[in-house]
Amino acid sequence: MCWILMGLTIGILHLYKKEEVDIFKEVKKTITSVYAIIAYLFIITVVLFFSGFANYFVGDDFTWFRWVMDCCNNIVSYFTDSNGFFYRPGTKLYFSIMHSAFWLNQTVYHLVSLILHFSVSVLIFLVSKRILKSNLLSAVSAVLFLILTGYSEAVFWISSTGFLFNAVFALLAILFFIYYKEKKANIYLAVSLVSIVLSLLFHELGVVVPLLVILYDIVSSSKSLTKQSL
């Protein structure tokens with residue numbers, strides 16, 4: 001029935017068409033669209049990292065679990081006291097929730113890491129698309145990020161989840177600041193500022209995010225002035 005309805009729909013559209021339809025152009029447009037590229041990134045992510053679901057915890061993963069078991073249950077203290085450990089309240093809260101809900105089920109931890117890594121690749125694509133103004137170059141940038149082995153440790157090591165959260169919020173901060181510059185809507189600026197704060201809560205590398213936002217602002221403003229002068 002589905003195929004019959006589809007055939008009838010295509011036939012009616014062809015009968016009453018007002019202009020010639022270039023099938024090749026439409027197919028090309030579909031397979032190179034933003035949503036298609038995001039789907040490709042998801043497939044690449046799954047193919048590259050799906051085998052990691054079977055890996056058990058290693059190295060510093062046990063350090064975090066030891067901290068979770070030894071630490072107090074006062075969530076407020078995560079934000080006010082490092083308790084002799086890293087000051088990463090967001091990461092601490094994440095591990096506390098995950099340990100309480102899933103204990104030592106490594107599959108769930110790896111699933112979260114995989115989703116975060118995929119999210120980072122998508123955000124790299126979206127940010128690059130805004131800066132480079134090219135779907136192809138932006139897609140290449142995101143794919144290179146996925147296939148380079150230097151980032152695999154952040155996916156396979158549970159203790160590196162804070163890095164992934166930090167990267168997600170850092171890229172969100174930049175992306176929404178770009179939206180703010182383009183659309184002049186204060187809601188985008190507010191989301192960008194919140195993302196900066198969240199990136200700081202998950203890893204101290206978040207201190208560079210405001211500098212990256214400022215750098216983008218300087219570069220984009222200089223380009224605008226150059227265009228106006230020309």
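The legends below accompany close-up views of a predicted model of one protein chain.

**Figure 1. Overall helical architecture of the predicted chain.** The protein chain contains twelve helices and zero strands. Of its 230 residues, 35% count as buried. The accessible surface comes to about 14,200 Å², and carbon and sulfur atoms account for 71% of that area. Among contacts between residues at least 6 apart in sequence, 68% join residues at least 24 apart.

**Figure 2. The largest nonpolar core.** This core comprises 46 residues, and Leu 41, Tyr 94, Phe 95 and Tyr 109 are those with the most contacts inside it. At least two core residues are supplied by each of α3 (34-49), α4 (61-70), α6 (89-102), α7 (106-132), α8 (135-147), α10 (161-183), α11 (186-202) and α12 (209-229). Helix α10 gives the largest share, with twelve residues. In soluble globular proteins, nonpolar side chains tend to be buried together.

**Figure 3. Surroundings of Tyr 94 within the core.** Tyr 94 is among the core residues with the most contacts inside the core. When residues up to four places away in sequence are not counted, Tyr 94 touches Tyr 109, Val 112, Thr 161, Phe 165 and Phe 202. Of these partners, Tyr 109 is itself listed among the core residues with the most contacts.

**Figure 4. Helix α3 and its buried residues.** Helix α3 has 16 residues and reaches 23 Å from its first C-alpha to its last, close to the 22 Å expected at 1.5 Å a residue. Ala 36, Ile 37, Leu 41, Thr 45 and Phe 49 are buried in this helix. Leu 41 is also one of the residues with the most contacts inside the largest nonpolar core.

Figure 5. Ser 159 is found in the loop between α9 (152-156) and α10. Its relative accessibility is 9%, so Ser 159 counts as buried, the limit being under 20%. Beyond the residues up to four places away in sequence, Ser 159 touches Asp 60, Asp 61, Trp 64 and Phe 95. Phe 95 is among the residues with the most contacts inside the largest nonpolar core.

**Figure 6. Gly 206 in the loop between α11 and α12****.** Gly 206 is buried, with a relative accessible area of 0%. Leaving aside neighbours within four places in sequence, Gly 206 is in contact with Asn 166, Ser 199 and Leu 200. Gly 206 and Phe 163 are 43 residues apart in sequence, while their C-alpha atoms are 9.5 Å apart in space.

**Figure 7. A nonpolar patch on the surface.** The patch is formed by Leu 200, Val 207, Val 208, Leu 211, Leu 212, Ile 214, Leu 215, Ile 218 and Val 219, which together have about 770 Å² of accessible area. Six of the patch residues come from α12, the largest share. Leu 200 lies in helix α11 and is partly exposed, with a relative accessible area of 34%. Leu 200 is also one of the residues in contact with Gly 206.

**Figure 8. The salt bridge between Glu 204 and Arg 88****.** The count for the model comes to four salt bridges. In this pair, the side chains of Glu 204 and Arg 88 meet at 2.9 Å, N to O. The two residues are 116 residues apart, with Glu 204 in the loop between α11 and α12 and Arg 88 in the loop between α5 (76-80) and α6. Glu 204 counts as partly exposed at 39% relative accessibility, whereas Arg 88 counts as buried at 8%.

Figure 9. The side chains of Lys 133 and Glu 182 meet in a salt bridge of 4.0 Å, N to O. Lys 133 counts as exposed at 63% relative accessibility, and Glu 182 counts as partly exposed at 35%. Asp 217 forms a salt bridge with Lys 181, the closest N and O atoms being 2.7 Å apart. Asp 217 counts as partly exposed at 26% relative accessibility, as does Lys 181 at 25%. Salt bridges that share partners join Arg 130, Lys 133 and Glu 182 into one network.

Technical notes
Residues numbered from 1 in each chain as written. Predicted model: local features only at pLDDT ≥ 70, side-chain atom pairs only at ≥ 80, totals over all residues. Heavy atoms only, no water. Core = buried A, V, L, I, M, F, W, Y, C linked by side-chain atoms within 4.5 Å. Buried < 20%, exposed > 50% of the residue type's maximum accessible area, 1.4 Å probe, protein only. Helix = DSSP H or I, 4+ residues; strand = E, 2+ residues; numbered from the N terminus. Contact = heavy atoms within 4.5 Å. Patch = residues over 30% accessible without salt bridge, like charges linked within 9 Å, V, L, I, M, F, W, Y side chains within 5 Å. Areas by Shrake-Rupley, 256 points an atom, 1.4 Å probe, with all protein chains shown as cover. Expected span 1.5 Å × (residues − 1).
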